[in-house]
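Please look over the sequence and the structure below before reading on. The report that follows is meant to be read beside them.

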Amino acid sequence: MPGPDLLSSQGLRLDGRRPNELRRIRCKMGVFTQPDGSAYLEQGNTKVLAAVYGPHQAAKSKSSTEGVVVNCQYSMATFSTGERKNRPRGDRKSQEMSLHLRQALTAAIKTELYPRSQIDVYVEVLQADGGAYCVCVNAATLALIDAGIPLRAYACACSASMAWHGGQPEPLVDVGHVEEAAGGVVLTVASLPSTENIALLEMSHRLHMDYFDVVLSRAMQGCRDIEVILDKAVREHLAEGWTKEDVVTI
Amino acid sequence: MWTSKTFLYKTKRGNILKIVREHYLRDDLLCGSGACKTCPHKDDEIVLMSQAESICALFDYPHYLVLDTNVVLHQIDVLEEDALTNVIILQTVLEEVKHQNTAIFQRLLEIIGNKRRKFYSFVNEHHKDTYVERNPGEKQNDRNDRAIRRAVAWYEAHLSINRVNIESPRVVLLTDDENNRKIAQDEGIICCSVKDYVENVNGFPGLVDKLSKNVIPENCSKDALYPAHLTPTQIHAGIRNGKLYQGIFHASRDNFLEGSVVVNAFEKSILLQGHIGINRAVDGDTVAIEIFPEEEWRKPSDIVLEDKSEDPGDLLEEETVLLKSTKTNSNDEVTPTGKVVGIIKRKWRQYCGILMPSRLPGATRHLFTPAEKRIPRVRIETRQSDVLASQRILVALDSWPRNSRYPLGHFVRALGPIGDKDAENEVILLEHDVPHARFSEAVLACLPPNDWTIPKEEINKRVDLRPICICSVDPPGCTDIDDALHARRIKGTTDDGLKKYEVGVHIADVTYFVRPNTALDKEAASRSTTVYLVDRRIDMVPDLLSSNLCSLRGGEERLAFSCVWEVDENANILSTKFHKSVIKSAAAMTYEEAQIAIDDESRKDEIASSLRVLNSLAKKLKRRRLDNGALLLASPEIRFQVDSETHDPVEVQAKKLMDTNSMVEEFMLLANISVAQRLAAEYPQCALLRRHPAPPPVNFVNFLKAARQQGFELDVSTNKSFSKSLDEAVIPGRPYFNTLLRIMATRCMQQAVYFSSGTCAQEDFYHYGLACPIYTHFTSPIRRYADVIVHRLLAACVGCDVTHASLLDNKAADALCDNLNYRHRQAQYAGRASVALNTHILFRNRVEIESAVVLAVKRNALQVLIPKYGLEGPLYLPSDKFTYNDEEHVQICGKVILKTFDELTVRLSLDSSNLQHRKLIFQLVKPYVPDFSYKVEDMDVEFVEESDLPQKIEKKRKGTEAKLSKKSKKK
Ligand SMILES: [Zn+2]
C-alpha cells in the first residue's frame, strides 16, 4: 500500500506508542499572575503557553451586541523548532492559526453572557513537535477555565493520521512531527467532546472517503481522552485551593 | 515511561540541527515465550515453545536463539530452511536489516509471518528494561551490539524466574562478530558463531550447504590476487574531487574478461579489461572506476572468450595472452578505458546454472556455472555434488575475497534434472523474475465457490444483453477468453442517409471478482501479466477465474463490461457508451471458424451476418487507421505443434493470419482508444494510459542503409511517411521482401510503456505505432493487470463502482506503472526464451536445409532468419575467407558478396556439446563458397549466441498491440 511505514510490524509507532495512544500530556494552570488566566501544556515535545485577559470592554470597532468577541493571537517562539528563525508576528500562518483558534474557542465560550465585551487569548508555542494547533486549543481551554470564564464544555483538539497494519487501515491518534513529515494525511479536529459537537475540522491532504470515518472517529476519541486529562488537571488545581486571591495576598 | 532521543543532524545547506525525538518505553510488551508465567500472554500471542528442543549438538538443553544483524543479512538462506525454530528477532536487528537490505528484510518478515517457524519479533527498543541509551562517543554499531546483548541477558533473567521446577529454555546468541562474542562471553551470555552452530545441527543434512561464506573481502590480503577496493569514504572523496567516476558495470556476454561502465561525463561507455581491470565487479553492480590517461585507451576486443572449463585454482591467468587486445592507431575506435577501484553497491541475486563437480574425489569445493553468461563462475561448497551434478541448481553469491579467483557462494536449491522440461521452464521463469509460485491460501480464499452463478440482484443492476447474439473469436485452444463482439443493424439512418449499426465489445468483468486490496488483487498486481511459455501458461489470476468464471465461454452467462457504439456504415462513430452487462455468448469461435462463417454464403444465421457486418466495418476502420499513419509492422511468429503427452514440440510453422484476426484487432483497438479518451478526460492526474514514443532517427541508420542497397529510399520522418514508403517498397517476384522490411522496421522501434496521465505532458501521450493521440489497455483484464485498473477507473466514472484510495493516488499509480512495464518486458523475454528452448528440443534429432534471408551483416557473422520457422541466429563467417566492408556493411569472398536482405540457403542443426548453452548452428549452403559451405565441421569455436538479442528486445508488433500477447496462446 502507498504511504510510509508509520507502524512497525509489531503494531508500534515510530516513537513506541500504540495507534490509539496520546503523547504524554503534562499541564499546569495559573502559571502567570499578570493575566486573568493562564496555563502551560505540553503534549510530548510540543509545549505551549496560553494567557487570557478579560472579559473586558470591547474596543468600539469590534464590539458586538450579540456576545463577547474572542480575540486570539497565535505566535511561535524563535527557538521553537530545530532551525532557529525569526518569525514575525502576524505572518499568514499565524493569522490562519489565530482564526482557527478563535473558531474553536468561540464555540466553547458562553459568548452570550458578555455582550459588548472582549476576551483576549494569547498563545505562544515554545517548542513545536507536531500538532501545535491542538496543543494550543487545549492550553487555551485551561487558561479560560483559570480565568473563570463560563464554558459550554471543554474545547479539546486532537489530530489523527492513517497508517496500515497487516493490510488493514489503522488510524493514528495525536500525530507527532515525524509522522506529519512522513507525508501522510493529517486530520485535525477541535471539538466539544461532552456535547459531541465539532468546532473545527481540517485536513492536510486528500483522504479517500472510505477511510474518513475511521480517522475522524479516532481523532474524536483522542479529544475525549484529552478532555478526561484536562478535567482531572482542573480538579486537582482547584483542590490545591490555590486561587488568585491567595497569590495577591502573598 | 518516557525518554527522549537527541540527535545532531546536518541539513542539506550544511547547518547543524539538533533533533529531539520522543521515545516511549513500555512495560506492556510480551516476551512471547510459552515458558513464561509472568507476561499476560493470550494464547495466540505465544510464539516460542515452552519446550524448545535443541537440534544442535553443542547445546544439550532447550534454548531459544537470538540472531545478530550480520547473521540475518548473510545467512537468510539458512534461516529460510525449515530447520531453526524458536528464534527471537530483536527490533534492533529488524531495523538494521530493513535499513541495509530491503529484499532480505522482506524475506525475514515472511519467515516471521510463518506460524510454524516460531520466529518472535521482540520490540526491545521500546521495552523499559531492554532499551539502552547511546553513550557519549559510542558508535551506533557498538550501541546496537550492546542493545542486543542487553536483550539476551534480559530474556535469560526473565525466563529464569520460573526455572525453579521445570527446565525452562536458555537463550543463545548467534553472532559472527568475534568482538561481540567475546564481550558477550565476558558478560556471561551463551553465544556461538553460525558456522559452529549449523555444522553441529542434526537431522538437516542440506543445511550446511546453505551457509554463506561471508568473509570480509578486503581483509584477505594474504595471497591476494586482486587489488584491494577503496573504502566508501575514499570512493566518496574520489568522486567528489573528480578523480573517480560512478556507474553500473555491464559484463560482456562474449568475453568474460571484458565489461563496460556507462558514466555520465563520457559519451562512450568506459571499457574495462582483464581480471584486474574488472576487479571483482559482477554484472549490475554499481562501481567506482578510475579512468586511465588517454594514451592507454584501447578498443574493445572483438573476440569471444569463455572462462576455461577447468578450475585453475586461485590463480589469475596471464591475461595479455587471453585478451590479445591490440592498441590501434585509428583514434575513432579507441574507447576510454579504466579500472574498477571500488564497489559502491552490489546487485547480486540468485542465479540458475549447473554444478561442475571437482575432479578430486570427495572434494567439497566445486565450481558453479551460471546460465547467464555475464555472471562469472562461482565457488560453492557442498557435499551433495554427486546428486547435484545432473541438476539445474540455484546459487546465491556471498562475497568475493581478494585471494579467490572466483566469487564465493552457496547452494540454495535444486530445480530439477538438466534437460528436463519442467526444470528448464523453471530456469526461464527464475531468470526472468516471473512470479510463478502456486497461489497462496489467502489468495484462493478470495475466490467465489466453484459452482458460482450470477446472483439475481447482480443481473438487475446490469444491462441485460443475454438476448443479443454475441460471439467471441480467438486462437484455437484459447481458454481465457476475455473479449466478445456483436454488431446489428439499428433503425433509422444518419442525416446523410447512411445505414446505422450498433457494435459492442464485451470484456470479461474481472474486477467484479478481483476486489481492490484483497490478497487476490495484490497477487495479480504483483504478477501484472499472464506469462505464456510454449507449453505452459503462468496465470495472473487463479484458474477458476481465468479459464472459467471470467472467460466468456460460448453458451454460458457471464458478467461483462461493455463498450457499445453507434456507427454509420462508413464506420464513423456516432455515440459511445460504457456499461456493465450480462451476456450469453452464442459461440466461441476460432479465427478459422469465423472466417469460414463469413465466407460461406449459404449461411444466413445471426452469427454469420453479425460477423460480416463486423468484418466490413473493421476493414474501413483499418483503412482509416493506416491512412492516419499507423504502421503495419511484422514479426516472425511461429507456432509449435506440441505432442499431447510429452509436451515436446513436434513441428513448427509460421502463423497464419486471416481477415478475422484483424477484425477482432480493429475493434479491440477501437475500444481501447474510446476508453482512453474517456479516462483522460475524467482523470487528468491518474488515468492509466499507454504511450509509444517515436523512435529516435539514429535507430534507423543501419536499416536505411540496407534498404538503400536494395534500391529503396525510405522516408522515416513521420510515421505517416514511413508507412507510405513501406507500402511502396515492393520487389516483384520476391513476395517476402516487403514482410522482411517490416520485420526489420519493427526492430527500430521503441518500447511502448504504461504511464499515469499525471506524469506526462499531453503531447507525449502519442502512440507512434498506432498513430493515435491516446491509447490504453482495456480489453484483456484476465491476463493483464493494467486492464484491471482501467476497468476500475472506467467503472467509477460511469457510476458502476466506487473508487478506492490507491486508485486515485498519483504516486501509487506511478509505482504501479513501473512494475507493469517491468513485468511486461520480462514476460516477453521469458516467452522468447521458451521459444528458443523448444526450438532446441525440436532440432534435437534433426537437420534441415532451408531458405533464409540476411537480416544484418556483422564483422564476423551474418544474422539470418528462416522465414518458415521464424528462427533467427548468427551464421559465422571466418575472417580468413571473408572480408568485411565497414562502409557498406557487406561481407565479400571472391565473387560472392553477402549483404542485408539477400536470400540464402542454410543448413540447420543443433550443437549440444555445451549443455548449458545449446545452440542452433546455421551453415551456409548456397551461395557456394569453396571450402566453407556446408561440409566445414570445425566452426563452433567462434559461436556467439545471438549476440545482439538484447537490442532487439524492445521491438514487437506495435501495429498489433491489442493482441500482442495472445500470439503464443496455444496448448
Ligand atoms: Zn514473559
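What follows describes the two chains, the confidence of the model, and a few individual residues.

This is a predicted model, in which local features need pLDDT of at least 70 and side-chain atom pairs count only at pLDDT 80 or more, while totals for chains, interfaces and linings use all residues. Residues are numbered from 1 along each chain as its sequence is written, chains are lettered from A and ligands numbered from 1 in the order in which they are written, and side-chain values use heavy atoms, with hydrogens and water left out.

**Confidence**

For the complex, the predictor gives an ipTM of 0.86 and a pTM of 0.74. Where pLDDT is low, predicted coordinates should not be read in detail.

**The two chains**

Helices (H or I, at least four residues) and strands (E, at least two) are DSSP runs, numbered from the N terminus. Buried means under 20% relative accessible area, exposed over 50%, and partly exposed in between, with a 1.4 Å probe and protein chains only. Accessible areas come from the Shrake-Rupley method with a 1.4 Å probe, and for residues only the protein chains shown count as cover.

| Property | Chain A | Chain B |
|---|---|---|
| Helices and strands | five helices, nine strands | 26 helices, 37 strands |
| Buried residues | 51% of 250 residues | 54% of 971 residues |
| Accessible surface | about 11700 Å², 51% from carbon and sulfur atoms | about 43500 Å², 50% from carbon and sulfur atoms |

The elements of chain A, read from the N terminus, run β-β-β-β-α-β-α-β-β-α-β-β-α-α. The radius of gyration of chain A is 18 Å, close to the 18 Å that the globule rule gives for 250 residues, so chain A is as compact as a globular protein of that length; the radius is taken over C-alpha atoms, and the rule is 2.2 Å times the number of residues to the power 0.38. Along the principal axes, the C-alpha atoms of chain A fill a box of roughly 60 × 40 × 40 Å.

Among contacts in chain A between residues at least 6 apart in sequence, 69% join residues at least 24 apart. In chain B, residues 24 or more positions apart account for 69% of the contacts with a separation of 6 or more.

Chain A carries 26 positive and 29 negative side chains, and the centres of the two sets lie 4 Å apart. Lys and Arg count as positive and Asp and Glu as negative, whereas His and the chain ends are not counted, and the place of a charge is taken as NZ of Lys, CZ of Arg, CG of Asp or CD of Glu.

**Backbone features**

Most residues other than glycine have a negative phi, and most peptide bonds are trans. The peptide bond from A:G54 to A:P55 is cis, with omega near 0°, and A:P55 lies in strand 3 (residues 46–57) of chain A. A:R116, in the loop between helix 1 (92–108) and strand 5 (117–127) of chain A, has a positive phi, near 55°. In chain B, phi of B:N86 is also positive, near 55°; B:N86 is found in the loop between helix 2 (76–80) and strand 4, and is buried, with a relative accessible area of 2%.

**Buried sites in chain B**

The buried residues of helix 3 (residues 91–100) of chain B are B:Q91, B:T92, B:V93, B:L94, B:E96 and B:V97. Their cover includes strand 3 (63–67), helix 1 (69–74), strand 4 (87–90), helix 4 (102–113), strand 5 (119–122) and helix 5 (140–160) of chain B.

B:S472 has its place in strand 19 (residues 470–474) of chain B and is buried, with a relative accessible area of 0%. Not counting residues up to four places away in sequence, B:S472 touches B:I481, B:D483, B:A484, B:L552, B:S585, B:A587, B:A588 and B:M589.

B:D787, found in helix 24 (residues 785–797) of chain B, is buried, with a relative accessible area of 0%. Leaving aside neighbours within four places in sequence, B:D787 is in contact with B:H777, B:F778, B:T779, B:S780 and B:P781. B:D787 and B:Y501 are 286 residues apart in sequence and 27 Å apart in space, C-alpha to C-alpha.

Terms used: Contact = heavy atoms within 4.5 Å.
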